[in-house]
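Good morning, colleagues. I shall take a few minutes to present one region of a model, and I ask that you keep the structure in view.

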Amino acid sequence: MPPVTSDAQGKRTPPRGITRGKPGPPRQSQAREGGAQTGQGRPPGAWHPATMCELYSKQDTLALRGKHIGSEANDLALRLAQQFTGHQDVITLDHAYHGHLSSLIEISPYKFLKGKDVKKEFVHVAPTPDTYRGKYREDHEDPARAYADEVKKIIEDAQSSGRMIAAFIAESMQSCGGQIIPPAGYFQKVAEYVHGAGGVFIADEVQVGFGRVGKHFWSFQMHGEDFAPDIVTMGKSMGNGHPVACVVTTKEIAEAFSSSGMEYFNTYAGNPVSCAVGLAVLDVIENEDLQENATRVGNFLTELLKKQKAKHTLIGDIRGIGLFIGIDLVKDHQKRTPATAEAQHIIYKMKEKRVLLSADGPHRNVLKIKPPMCFTEEDAKFMVHQLDGILTVLEEATGTKTESVTSENTPCETKMLKEAHVELLRDSTTNSKENPSRKRNGMYTDTHSLLSKRLKT
């Protein structure tokens, strides 16, 4: 996938030497009957085998491929960093997740802290820069520096033990960690310390890139023009469901890797189908103005959720940018006690209302909202309306509303409250046992409950 450049406003410009082709095949709803077999009746913009032509010669194509195409994003990023620096050690954030390969599980506390694997000696875990629930909160005079100094201490401790830092890796906004937005200035200070130790900064944009934050095309850009990572990884939204990923780095790092003598290749790297998919996705983001949509709808949704926060005691915090939003659920606002069981209950009930959510964060109490980029204001209103109703019933069932409000319920509503309370208690008991075989991505796969839900639909 060719790298993409961005200006200060986050607008995407194609790299030099890359020319856009004709639009691809139409959507299924646009296809005319019989056209696929005869070639007649094709809608405008469809390709016809007889009219296709190459934009570049074979030699030019190979040259472009050699210049731009690489492949498995975070794994390759680690190899680039370690080859360039000559060091091995990696600093990662607590509760981070960077992939399922063995090399990536090793730097993903989200995974290795839950399994049988122990932290490897070359892996160092820094505190998540969470100003709501973390070590340094919003009332700290400089949380960015305080969290960055934790990274500095890790570097110093590693060096005192004879170890050298190859890379610091982090999502530009931490997703599995609970929709965390790092405090302003944090990444700049971390980059300063890491570069001073001879390491590189890797920004993981797999979940948060491609215009999701709205104002910028890449999430790391929101940290300021004085910050630029050494390596950027991307995937997922890059292919809109098609498996494709990309690594972008500096010429210096790339050349250090290629000069090592170890040839890099894999079977599907740079295949034309995936490249065509990636270009088509970029076209849609640009032509349908999905980046601006993320800003407009994201702001609209955030305002709706803030009104819900003022209304519902279970909502402790609303945080996010664009279409990357987290709802931190708490049992107690002052203590910020995670409402884990309540979060699981809400996920179940929202699913029954045809809204799919999941919970994450160290306590699995943060509702993750990362909808498709085409999410509309009508979608936002529908989602918040369903959430409002579920929160109202749940809070009344658990006694977080006044008795006068509860007493006004009809017999039918009272029955619903009792059922919700019983189900919540059951979820809480199940959650405390933490049976991993029944839990998938924050949801419990109980056969009986799934069957009953299927019957209801």
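**A helix, a hairpin and a helix pair**

Thr302 counts as buried because its relative accessibility is 15%, where buried means under 20% relative accessible area, exposed over 50% and partly exposed in between, with a 1.4 Å probe and protein chains only. The model is a predicted one, in which local features need pLDDT of at least 70 and side-chain atom pairs count only at pLDDT 80 or more, while totals for chains, interfaces and linings use all residues. Residues are numbered from 1 along each chain as its sequence is written, and side-chain values use heavy atoms, with hydrogens and water left out.

Thr302 belongs to helix H10; helices (H or I, at least four residues) and strands (E, at least two) are DSSP runs, numbered from the N terminus. Setting aside residues up to four places away in sequence, Thr302 touches Ile318 and Ile325, contact being heavy atoms within 4.5 Å.

Let us turn to the strands. Strand E9, residues 315-321, is mostly covered, with 5 of its 7 residues buried. E9 and E10 form a hairpin with 2 residues between them, and Gly322 in the turn has a positive phi of about 60°.

Where does Ile315 lie? Its place is in strand E9, and it stands opposite Leu329 in E10. Ile315 counts as buried because its relative accessibility is 0%. Beyond its neighbours within four places in sequence, its contacts include Gln308, Lys309, Val330 and Leu391. Ile315 and Leu305 are 10 residues apart in sequence, and their C-alpha atoms are 9.2 Å apart in space.

I come finally to the helix pair. Helix H10 (residues 290-311) and helix H12 (residues 377-397) pack at an angle of about 15°, with their axes 9 Å apart. Axes here are lines fitted to C-alpha atoms, for helices over the stretch in contact, and angles run from 0 to 180 degrees between N-to-C directions. H10 is therefore roughly parallel to H12, given that angles under 35 degrees count as roughly parallel, over 145 as roughly antiparallel, 65 to 115 as roughly perpendicular and the rest as oblique. Among the residues of H10 that meet H12 are Phe300, Leu304 and Gln308, and those on the H12 side include Met383, Val384 and Leu387.

Definitions and conventions
Pairing = 2+ DSSP bridges.
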